[in-house]
Amino acid sequence: APKKKTSVPDKPDKPEKAPVRKIFAQPIEDHCLALVLQHPELKSKLTSLAPEYFESSENREIFLVCSLAEDSGAVKEKLDYAIHEHFNSLCSKMLLASTRKEQEDVFDNCAHRLRERFLKSLATKHSHAFSQGADTDSSDSRLVELQTPVKEISAQLKKVFDEKGKI
């Protein structure tokens, strides 16, 4: 009996592209901005954030433009063309929060996490500067000068943790 040929599916000329993953993805930043872009009624909550909280330059730029834009439709027009793809991805990001209350709660949580991350990073930088100053023959007044921001940042972090318990 003749052997049956098994059909082999044709191989495509080009391999399928794997999804592109951003090397420096910032999911908390992305989620926070996506909420505001998709729900413009949350725009007033942007006042609880600072540009320094955004490590991604794209997200920082979107935040700044969104904060200043009078209407959400004008945001994309004011952005550099190089950011449009990222902007579009934020506008089409799937969000699970469905009610206004859920959206506000999720935004508040993201805002706290961004502020906490920023303050922790700042505390680390200042602690490092303080320890370098302590390792050198710095004067006592210089060490006190270096220690002051660390104490202030620690107090701000404590406040963030206290507020986080209330969310």
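Colleague: What volume does the largest cavity have?

Modeller: The model is a predicted one. The structure holds one cavity of 30 Å³ or more. The volume of the largest cavity is about 50 Å³.

Colleague: How many residues in the lining of the largest cavity are charged?

Modeller: The lining consists of Val36, Leu37, Pro40, Lys43, Cys66, Ala69, Glu70, Asp71 and Ser72. Five of the lining residues are nonpolar and one is polar, while the number that are charged is three.

Colleague: Why do the buried residues of H4 line one face of the helix?

Modeller: Helix H4 spans residues 84-92, and its buried residues are His84, His86, Phe87 and Leu90. On the other side of H4, Glu85 and Ser92 are exposed. The buried residues line one face because, seen down the axis of H4, they fall within an arc of 160°.

Colleague: Which element gives the most residues to the largest nonpolar core?

Modeller: This core has 28 residues, of which Leu49, Ile62, Val75 and Phe107 touch the most other members. Two or more residues come from each of H1, H2, H4 and helix H5 (100-135). With seven residues, the element that gives the most is H1.

Colleague: With which residues is leucine 49 in contact, leaving aside its neighbours within four places in sequence?

Modeller: Leu49 is among the core residues that touch the most other members. Leaving aside neighbours within four places in sequence, leucine 49 is in contact with Cys32, Phe54, Phe63, Phe107, Ala111 and Leu114.

Note on methods:
Residues are numbered from 1 along each chain as its sequence is written. This is a predicted model: local features need pLDDT of at least 70, side-chain atom pairs count only at pLDDT 80 or more; totals for chains, interfaces and linings use all residues. Side-chain values use heavy atoms; hydrogens and water are left out. On a 1 Å grid over the protein atoms alone, a cavity is a set of points where a 1.4 Å probe fits but cannot get out, and a pocket is an open set with protein on both sides within 12 Å along at least five of seven lines; lining residues have an atom within 4 Å of a point. Grid points are joined across faces, edges and corners, and a volume is the space filled by probe spheres set on the points. Ala, Val, Leu, Ile, Met, Phe, Trp, Tyr, Cys and Pro count as nonpolar, Asp, Glu, Lys and Arg as charged, and the others, Gly among them, as polar. Buried means under 20% relative accessible area, exposed over 50%, partly exposed in between (1.4 Å probe, protein chains only). Helices (H or I, at least four residues) and strands (E, at least two) are DSSP runs, numbered from the N terminus. The arc is that of the directions from the helix axis to the C-beta atoms. A nonpolar core is a set of buried Ala, Val, Leu, Ile, Met, Phe, Trp, Tyr and Cys residues joined through side-chain atoms within 4.5 Å. Contact means heavy atoms within 4.5 Å.
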